[in-house]
Amino acid sequence: PGGCPALCECSEAAKTVKCVNRNLTAVPPDLPSYVRNLFITGNRLARLPAGAFPTQRLPDLSALNLSGNHLQAVEAGAFAALPALHQLDLSSNPLISLSPQAFGEGSSPLEELALRGALRDHGVLLSLAAVLQSGALRNLSRLELADNGLLLLPAGMFVALPVLRQLDLSNNSLVGLQNVSFQGLGQLQSLNLSDNSLSVLRNGTLAQFRGLPALRHISLDRNTWVCDCAIEDLVAWLKESDQVEGKEALTCAYPDKMLGKALLKINGSDLDCSVPVDLPSQLQTSYVFLGIVLALIGAIFLLVLYLNRKGIKKWMHNIRDACRDHMEGYHYRYEINADPRLTNLSSNSDV
């Protein structure tokens, strides 16, 4: 129990074991029981099955770094036998499978989880959301999801993280936060949204930020802010809020005439609000206007008919009389053609 695996470096005094760049394909089974800090990085583990860490053999393991191991699958129960695990780093692994039961059936003691560059597969992102929403990681105080190329986050992803203090979403491709709920994150202190593709923050998101009393560090730099009428609410919030770090450096990316202009220096006169920016609302207004015009035309047509009702009635009577005379002529000719005597008489008369 006090020994050191052959391909690892151990320090009993520091309670640390390092198995770095050793081409390991599995977690060493003979890890010393004293270990509190375990580094297994730069190897080729591929998968982390249930029982990868011996049950009750590592009662004090607190910090586990598994970054850069080519991990693709984390199976159910992979971390269930680590009762003291508080820090876990799975960064830089090409995960394609993350079991919702990876941390066991109950609540995990995990406090810090790093998944930098490990959520490129959308299915893994959904699995992580399921894990977080289940309450299995309700003790998390720090969650790092940077460098994952995320476009959108699953709805309600953070609702079961009541003690979360730091959330890092930097260096992704987030285009909006409309479906993201920060409600319930009453202890959130730091939110990093830098290096994304955010063009605007809507009123609903800004209201959530205002409702988080502990949130004092929001990073929004290096986003593609579109400075049109839709950004007025964001600009007003930036001017009144002390939550945003380095807000003086936030600048417009579009349109070209606003390129590089500081958001804090934007006034209403700088924005062209004569053209609606909400196309669906514009189309809806056009349809309403068209309906009103058609209704007006119909009303005018009915009014004209009403005012000319006598003339129209006389005209219809004339048409009826003309049709009746025409039909009587057809009827007379039919009777002549049907009676042989009249036919002969008609022929003799012609002669």
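The model is predicted, so local features are reported at pLDDT of at least 70 and side-chain atom pairs at pLDDT 80 or more, while totals for chains, interfaces and linings use all residues. Residues are numbered from 1 along each chain as its sequence is written, and side-chain values rest on heavy atoms, with hydrogens and water left out.

Let us begin with the overall picture. The protein has six helices and 16 strands; these are DSSP runs numbered from the N terminus, with helices being H or I of at least four residues and strands being E of at least two. Of its 351 residues, 38% count as buried, where buried means under 20% relative accessible area, exposed over 50% and partly exposed in between, using a 1.4 Å probe and protein chains only. A contact means heavy atoms within 4.5 Å. Among contacts with a separation of 6 or more, 63% come from residues 24 or more positions apart.

Now for the sheets. Eleven strands make an open sheet with mixed pairing, in the order E1-E2-E3-E5-E7-E9-E10-E11-E12-E13-E15. Strands E1 (9-11) and E15 (244-245) are at its edges; each has a single partner strand, so one side of each has no neighbour in the sheet. Two strands are said to pair if DSSP finds at least two bridges between them. E1 pairs with E2 (residues 16-20) in the antiparallel sense, over three bridges, and cysteine 10 has valine 17 of E2 as its bridge partner.

The loop between E1 and E2 holds lysine 15, which is partly exposed at 27% relative accessibility. Its C-alpha atom is separated by 9.3 Å from that of serine 33, 18 residues apart along the chain. Leaving aside neighbours within four places in sequence, lysine 15 is in contact with Tyr34, Val35, Arg36 and Asn37.

Is asparagine 148 buried or exposed? At 2% relative accessibility, asparagine 148 counts as buried. Beyond its neighbours within four places in sequence, this asparagine touches Leu115, Arg116, Gly117, Ala118, Leu119, Arg120, Asn171 and Asn172. Asparagine 148 and asparagine 172 are 24 residues apart in sequence, and 5.6 Å apart in space from C-alpha to C-alpha.

Another open sheet has three strands in the order E4-E6-E8, with parallel pairing. Here E4 (47-48) and E8 (97-98) are the edge strands, each with a single partner, so one side of each is left without a neighbour in the sheet. E4 and E6 (residues 73-74) run parallel and are joined by two bridges, with leucine 48 opposite valine 74 in E6.

Finally, turn to two helices. The axes of H2 (residues 203-210) and H3 (residues 232-240) come within 10 Å and cross at roughly 20°; axes are lines fitted to C-alpha atoms over the stretch in contact, and angles run from 0 to 180 degrees between N-to-C directions. H2 and H3 are therefore roughly parallel to each other, a term for angles under 35 degrees. The contact is made by Asn203, Leu206, Phe209 and Arg210 of H2 with Asp233, Leu234, Trp237 and Glu240 of H3.

Technical notes: Angles under 35 degrees count as roughly parallel, over 145 as roughly antiparallel, 65 to 115 as roughly perpendicular and the rest as oblique.
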